[in-house]
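Hello,

Here is the structure we spoke about. Please open it first, then read the notes below.

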Amino acid sequence: MNVFDAHCDVLCKLWKEPERDFYKEDDFLQAGFPALVKGSVDIQVLACFVPTHVPYGRRFHTILEMIDIFYEKVASEQFRPIYTKADLDERVLKGEKGAILFVEGAHALEESLVQLRTWYRLGVRGMTLTWNHGNCVADGSGEPNPGGLTAFGRQVIEEMNRLGMIVDVSHLADPGFWDVMEISKAPVIASHSNARQICHHPRNLTDEQIRALIAKDGVMGLTFVDFFTVEEKRTAWIDDLLRHLDHVCGLGGVDHVAFGSDFDGITNTFGDLSSSAAYSQLLEALLRRYKEAEVLKFVRGNWLRVFGNVLQ
């Protein structure tokens, strides 16, 4: 049973240590190619994240450097870029591995729709609107008194809809989430967020937000970050993650929940989900708890639907 994972930070990690090899089997990358093979991850979203210490005026160029790393060191005949719905369908039909480029955080956009369109022309097919802090588009979930989308942020949503780019609301503060629900004409995703009812953290989605995402025909990707999964300071396990899955399904989300690991952006991993290679353990746990048809939706079908509906 092959997997579609909607978020990892491999490119940022390779940018920090460019001498590393995406195709080498070692412990440096949680979602390196050998781990993807072991975990049967066929489709992987790779996010370009600019660290917050990079100054304004250098952020766009930093994204270009990460995109260059993708084409020079990651993309290959074994791991092909996906740009269109036809590309996605072909990778799935042939059982081949494919990569989808995202940008995480519009702070790298530096207030320019020209730069957004440039990213698109270079293969980027989605954007997480914020990281934890505010930017030119909206406020992140870490802001103490957050607002919603800016005027420029509304233009960004409209342009992403026009281009066929995936709008990702993970990290977005609550007011901005509701603005996106109102403005976006296309389904949106939360690539790596859990349920706030189970673990009360501002990075997670409330029940009301989950229902709104369902109504928008979107998908939320449950993430393997321990402190988004359990409130206690302890090791998190697959069974803890499945509490979030059960909760979302109880809200009517069987067709609207999947997984976005956040591998290579995680400092404290689950006890039994330390890399993409461990996806087999998650699959075994899912099959013990859910019907096979439902598990297929969780691990790939729901993502395939929403990406297929947005990509042009």
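**Charged pairs and one buried aspartate**

Arg154 is partly exposed, its relative accessible area being 32%. Keep in mind that this is a predicted model.

Arg154 forms a salt bridge with Asp179, at 3.9 Å from N to O. This pair links distant parts of the chain: Arg154 sits in helix H6 (residues 151–163) and Asp179 in helix H7 (residues 174–183), 25 residues apart. Asp179 counts as buried because its relative accessibility is 15%, under the 20% cut-off.

The structure has 19 salt bridges. As background, side chains of opposite charge can pair when their charged atoms come close.

Helix H6 also holds Glu159 and Arg162, three residues apart, about one turn of the helix. Their salt bridge has its closest N and O atoms 2.7 Å apart. Glu159 is buried at 10% relative accessibility, whereas Arg162 is exposed at 51%.

In helix H4 (residues 85–94), Lys85 and Asp89 lie four residues apart, about one turn of the helix. They form a salt bridge, with 2.9 Å between the closest N and O atoms. Lys85 is partly exposed at 35%, and Asp89 is partly exposed at 38%.

Last, is Asp42 buried or exposed? Asp42 is buried, with a relative accessibility of 7%. Asp42 belongs to strand E2 (residues 41–49). Its side chain makes a polar contact of 2.9 Å with the side chain of Asn2. Leaving aside residues up to four places away in sequence, Asp42 touches several others, including Val3, Gly95 and Arg300.

Regards

Technical notes: Residues numbered from 1 in each chain as written. Predicted model: local features only at pLDDT ≥ 70, side-chain atom pairs only at ≥ 80, totals over all residues. Heavy atoms only, no water. Helix = DSSP H or I, 4+ residues; strand = E, 2+ residues; numbered from the N terminus. Buried < 20%, exposed > 50% of the residue type's maximum accessible area, 1.4 Å probe, protein only. Polar contact = N/O pair within 3.5 Å; in protein donor to acceptor, adjacent residues only side chain to side chain. Contact = heavy atoms within 4.5 Å. Salt bridge = Lys/Arg side-chain N within 4 Å of Asp/Glu carboxyl O.
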